[in-house]
Amino acid sequence: VEAALGADMVAMEEAKELSEKGFLTSSCCPAFVNMARIYFPQVYEKNVSKVVSPMEAMARYFKKQDEH
């Protein structure tokens, strides 16, 4: 499976979230998300996307496929 599928899945969800919030940073880097959560909690709460990383999106996709 092409790894870009996870990035596409995340991009679609982040686009929806961006249209609601107006300003948004990506959630694709877990290290960035963790840094924002610890050092900039106000930014984390309001402006960091709550969409999972592409890696996690793919893991959830495969887990769902395995249920069938």
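Glu 13 counts as partly exposed, at 38% relative accessibility. Here buried means under 20% relative accessible area, exposed over 50%, and partly exposed in between (1.4 Å probe, protein chains only). The model is predicted: local features need pLDDT of at least 70, side-chain atom pairs count only at pLDDT 80 or more, and totals for chains, interfaces and linings use all residues. Residues are numbered from 1 along each chain as its sequence is written, and side-chain values use heavy atoms, with hydrogens and water left out.

**Salt bridges**

Side chains of opposite charge can pair when their charged atoms come close. The rule applied is a side-chain nitrogen of Lys or Arg within 4 Å of a carboxyl oxygen of Asp or Glu. By this rule the count comes to three salt bridges.

| Salt bridge | N to O distance |
|---|---|
| Lys 16 and Glu 13 | 3.2 Å |
| Lys 21 and Glu 17 | 3.1 Å |
| Arg 60 and Glu 56 | 2.7 Å |

Glu 13 and Lys 16 both lie in helix α1, which covers residues 4–21. They are three residues apart, about one turn of the helix. Lys 16 is partly exposed, because its relative accessibility is 48%.

Lys 21 and Glu 17 also belong to helix α1. They are four residues apart, so about one helical turn separates them. What is the relative accessibility of Glu 17? The value is 10%, so Glu 17 counts as buried. Lys 21, at 36%, is partly exposed.

Glu 56 and Arg 60 lie in helix α4, residues 54–66. Their spacing is four residues, about one turn of the helix. Glu 56 has 35% relative accessibility and therefore counts as partly exposed.

**Overall build**

The chain has four helices and zero strands. Read from the N terminus on, the order of elements is α-α-α-α. Helices (H or I, at least four residues) and strands (E, at least two) are DSSP runs, numbered from the N terminus. Along its principal axes the C-alpha trace spans about 40 × 25 × 20 Å.

Of the 68 residues in the chain, 26% are buried. Accessible areas come from the Shrake-Rupley method with a 1.4 Å probe; for residues, only the protein chains shown count as cover.

Contact means heavy atoms within 4.5 Å. Among contacts in the chain with a separation of 6 or more, 59% join residues 24 or more positions apart.

Met 9 sits in helix α1. Its relative accessible area is 25%, so Met 9 is partly exposed. Which residues does Met 9 contact, leaving aside its neighbours within four places in sequence? They are Ala 57, Met 58 and Tyr 61. Val 52 is 43 residues from Met 9 along the chain, and the two C-alpha atoms are separated by 9.7 Å.

The structure holds one aromatic pair. Tyr 61 and Phe 62 form it, edge-to-face, with 5.6 Å centre to centre and 65° between the planes. Rings of Phe, Tyr and Trp (its six-membered ring) pair if their centres lie within 6.5 Å; planes under 30 degrees apart count as stacked, over 60 as edge-to-face and the rest as tilted. Tyr 61 is partly exposed, with a relative accessible area of 32%. Phe 62 is partly exposed as well, at 41%.

**Nonpolar patch**

Phe 32, Met 35, Ile 38, Tyr 39, Phe 40 and Val 43 form a nonpolar patch on the surface. Together they have about 550 Å² of accessible area. Patches are made of residues with over 30% relative accessible area and no salt bridge; like charges are joined within 9 Å, nonpolar side chains (Val, Leu, Ile, Met, Phe, Trp, Tyr) within 5 Å.

Which helix gives the most to the nonpolar patch? Helix α2, residues 30–39, does, with four residues. Val 43 lies in helix α3. With 31% relative accessibility, Val 43 counts as partly exposed.

**Asn 47**

Asn 47 is found in helix α3, residues 41–47. Its side chain reaches the backbone oxygen of Phe 23 at 3.4 Å. Leaving aside neighbours within four places in sequence, Asn 47 is in contact with Phe 23, Leu 24 and Thr 25.

Definitions and conventions:
A polar contact is a pair of N or O atoms within 3.5 Å; within protein, one must be able to donate a hydrogen and the other to accept it, and residues adjacent in sequence count only if both atoms are side-chain atoms.
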